[in-house]
Amino acid sequence: MKKLFRFPTLFILSFFLFSCSSSISETVFFDTQGKLVNKDLKQLLTVTGQSHAETLDSVVAATQDKENGWLRSGERWHKQKERFTDKQRQEIVMLAKKLGYLDEKTPSKDKYDRALVLGAASVRIKSRINHLIDLWKRGIRFDKIVMLGSTRSLDAPESDVLLKPSVLEKGYEANEMGLMQYIYNQEVSLPKDMASLPVIWVKAEGKDGKRANTDDTIEEWLKRDTDLANDMTVLSVSNQPHASYQGVVIQTYLLNHEKGLNLTSEVVGEKSSLADKANPDSQEIAVLLDAMARHLYSLKKLSLAQASV
């Protein structure tokens, strides 16, 4: 049977911005032939010194480059923190805001079948759950909550290490899933009607010796959620600037999923602290660029997945 999926209306390489009123406007980065057409992205690449041929492939290659790209890893992560002047950092933030990476991404619907909370460090888990609570208070409804955790240990970051004794004391496992259970049950205040919703707790294992990623948690959720059916809607909760990347990762995985469910996938997230910051520091800029590089790479993977369906 041919696999069918429906996503919000878009060209292959489109990126959506959701305004505070939940109206949707479309910002296109590349046209359907993979040519760079967005002037703000072009300017950002110029500001950060990325050479490219105005194509999706060349932009991804430039931003993924191990020496001069946007990803943060190893020694280059330390170099990147000292890479830009104050003026450049301010311009990067201004352009990122125009491109939709900083402001809140809000739901386009009032009702969803599932609300997914993506795993993270404890501080971010708590903020994502609180954001889901805030959406509920705004009138957004969903039938089940899915907490996408893993077997990741609580040995880092420091915020997780500090909570580990409390997690164990309350009888939860000392991993990301146990951390999410502890925060959900002990550290947030759920509205009474929201607290009565069924919760699916996902504990994904990593593969090939690596820590579980978003794909692994989505895969485990689809195994456990036996009530999924065609035409259901899925709302995933992340945060900016990571929401864009994680939303496309989820779309790509669902597109390739063997069940062939016709799921409508959408991601939301609270705004980044950089949205209102006049003088961003180097570390914040490095995290922002890393998130944007991952989003561009995930757009390329999505385009390849769509072409193969």
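Predicted model: local features only at pLDDT ≥ 70, side-chain atom pairs only at ≥ 80, totals over all residues.
Student: Let's start with the rings. Why is the pair of tyrosine 172 and tyrosine 182 called edge-to-face?

Tutor: Check the planes: they stand at 75°, and anything over 60 degrees counts as edge-to-face. The ring centres are 6.4 Å apart, and the limit for a pair is within 6.5 Å. So the pair is edge-to-face.

Student: Where do those two tyrosines sit?

Tutor: Tyrosine 172 is in the loop between helix H6 (158–169) and helix H7 (176–187), while tyrosine 182 is in helix H7, 10 residues apart. Both of them are buried.

Student: What makes the pair of phenylalanine 29 and tyrosine 101 tilted?

Tutor: The angle between their planes is 45°. Under 30 degrees would be stacked and over 60 edge-to-face, so the rest, tilted, is what remains. Centre to centre, phenylalanine 29 and tyrosine 101 are at 6.5 Å.

Student: Why does that pair tie together separate parts of the chain?

Tutor: Phenylalanine 29 belongs to the loop between strand E2 (24–28) and H1, and tyrosine 101 to the loop between H4 and strand E3 (111–118), so the pair ties together parts 72 residues apart in sequence. Phenylalanine 29 and tyrosine 101 are both buried.

Student: On to tryptophan 136. How do you know that arginine 141 lies over its face?

Tutor: Arginine 141 is at 3.9 Å from the ring centre, and the cut-off is within 6 Å, along with a limit of 35 degrees from the ring normal. Tryptophan 136 itself is one of the buried residues of H5.

Student: What makes the buried residues of H1 line one face?

Tutor: Those residues are Asp40, Leu41, Leu44, Leu45 and Val47. Down the axis of H1 they fall within an arc of 160°, so they line one face of the helix. Over on the other side, Lys39 and Thr46 are exposed. The cover over the buried residues of H1 includes H2, H4 and H11.

Student: Which residues touch the most other members of the largest nonpolar core?

Tutor: Leu41 and Trp70, out of 33 residues in that core. Helices H1, H2, H4, H10 and H11 each supply at least two residues, with the largest share, nine residues, coming from H11.

How values were computed. Residues numbered from 1 in each chain as written. Heavy atoms only, no water. Buried < 20%, exposed > 50% of the residue type's maximum accessible area, 1.4 Å probe, protein only. Helix = DSSP H or I, 4+ residues; strand = E, 2+ residues; numbered from the N terminus. Core = buried A, V, L, I, M, F, W, Y, C linked by side-chain atoms within 4.5 Å. Phe/Tyr/Trp six-rings, centres within 6.5 Å; stacked < 30°, edge-to-face > 60°. Arc of directions from axis to C-beta. Contact = heavy atoms within 4.5 Å.
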